[in-house]
Amino acid sequence: MCSGGFAKCLGITLIPLAILCILCNILLFFPGGVPASSNDNITEEVWYFGGILGSGVLMIFPALVFLGLKNNDCCGCCGNESCGKRFAMFTSIIFAGVGLVGALYSTIISAAAINRGPLCATDTASNATFFYPFQNGDYLSNHTLWDECQQPERIVPWHLTLFSLLLIMGLVQAALCGFQAINGLIGTICGDCCGCCGSDGAV
Ligand SMILES: *[C@@H]1O[C@H](CO)[C@@H](O)[C@H](O)[C@H]1NC(C)=O
């Protein structure tokens with residue numbers, strides 16, 4: 001199989017993941033699904049833009065580069081162009097590294113946010129003080145504690161679901177970029193067209 005074709009599959013997978021991560025991060029700016037009463041009442045980790053920057057914008061560049069690796073017909077690469085193809089595969093290693101950093105950033109932020117729990121108020125008064133009522137993820141194993149968060153409504157499942165999605169998608173993105181780093185290394189060493197020349201008959 002051509003390593004460029006494999007890269008294209010990765011690129012196609014990374015784009016919807018990046019869009020979903022951006023969406024999750026945007027939804028987190030609306031605690032419980034409604035606009036926050038004040039920017040100070042939004043959980044701090046949301047402002048680190050793990051999903052928008054790390055798993056989103058930083059992932060778009062590697063995804064586009066991986067997609068572009070297949071633009072030239074694979075079987076036409078056995079002539080002089082193979083040098084260019086090898087360089088493209090080499091470049092993809094660097095972009096895979098960029099994607100890996102972005103995905104890991106988002107994953108670490110999400111893990112920290114899940115552990116700390118959401119920013120919320122323990123009463124429904126409009127002047128209520130917002131703080132972090134949970135410690136070290138204690139709310140994860142004890143649903144009774146969720147009642148401590150009175151406002152915003154449904155903030156605990158909202159926080160937990162969206163940051164869990166960001167965590168899982170970040171890990172998938174990191175794995176895909178890691179695969180592409182190895183794939184790019186193979187492509188750089190072997191050339192992109194392993195196996196294609198034979199079927200084409202060209203040398
Ligand atoms: C859950 O938290 C509540 C409130 O702090 C506490 O009374 C209860 O014992 C806890 N349950 C467990 C299983 O730890």
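Trainee: To begin, the side chains of which residues meet in a salt bridge with N to O at 3.3 Å?

Mentor: Those are the side chains of E45 and R116. A salt bridge here is a side-chain nitrogen of Lys or Arg within 4 Å of a carboxyl oxygen of Asp or Glu. The pair links distant parts of the chain, with E45 in the loop between helix 1 and helix 2 and R116 in helix 3, 71 residues apart. Before we go on, please note that this is a predicted model, in which local features need pLDDT of at least 70 and side-chain atom pairs count only at pLDDT 80 or more, while totals for chains, interfaces and linings use all residues. Residues are numbered from 1 along each chain as its sequence is written, and side-chain values use heavy atoms, with hydrogens and water left out.

Trainee: How are helices and strands assigned?

Mentor: They are DSSP runs, numbered from the N terminus: helices are H or I with at least four residues, and strands are E with at least two.

Trainee: Is E45 buried or exposed?

Mentor: E45 is buried, because its relative accessible area is 7%. Buried means under 20% relative accessible area, exposed means over 50%, and partly exposed lies in between, with a 1.4 Å probe and protein chains only.

Trainee: With which residue does R116 form a salt bridge at 2.7 Å?

Mentor: R116 forms that one with E44, and 2.7 Å is the separation of the closest N and O atoms. This pair also links distant parts of the chain: R116 belongs to helix 3 (residues 81-116), E44 to the loop between helix 1 and helix 2 (50-68), and they are 72 residues apart. R116 is partly exposed at 26% relative accessible area, and E44 is partly exposed at 35%. Together, E44, E45 and R116 are linked in a network of salt bridges.

Trainee: Why can such side chains pair?

Mentor: Side chains of opposite charge can pair when their charged atoms come close.

Trainee: How many salt bridges are there in the whole structure?

Mentor: A search of the whole structure gives 3. One of them joins the side chains of R154 and E153, at 3.7 Å from N to O. R154 is exposed, with a relative accessible area of 52%, and E153 is exposed at 56%.

Trainee: Let us change topic to the overall fold. What pattern does the chain follow along the sequence?

Mentor: The pattern reads α-α-α-β-β-α-α-α, from 6 helices and 2 strands. Of the 203 residues, 41% count as buried. Among contacts between residues at least 6 apart in sequence, 77% join residues at least 24 apart, where contact means heavy atoms within 4.5 Å.

Trainee: In which helix does S55 lie, and which side chain does it join in a polar contact?

Mentor: S55 lies in helix 2, and a polar contact of 3.2 Å joins its side chain to that of S106. A polar contact is a pair of N or O atoms within 3.5 Å; within protein, one must be able to donate a hydrogen and the other to accept it, and residues adjacent in sequence count only if both atoms are side-chain atoms. S55 is buried, with a relative accessible area of 0%. Leaving aside neighbours within four places in sequence, the contacts of S55 include A18, C21, G102 and Q173.

Trainee: And S92, which residues does it touch?

Mentor: Not counting residues up to four places away in sequence, S92 touches V65, F66, L69, Q180 and G184. S92 lies in helix 3 and is buried, with a relative accessible area of 0%.

Trainee: Where is A128 placed?

Mentor: A128 is in the loop between strand 1 (120-121) and strand 2 (130-131). At 13% relative accessibility, A128 counts as buried. Leaving aside neighbours within four places in sequence, A128 is in contact with A121, D123 and Q151. The C-alpha atoms of A128 and Q151 are separated by 8.8 Å, and the two residues are 23 apart along the chain.

Trainee: Finally, which residues are around the ligand?

Mentor: They are N142, T144 and L145, where a residue is near a molecule or strand if one of its heavy atoms lies within 4 Å of it. An oxygen atom of the ligand is 2.3 Å from an N or O atom in the side chain of N142.
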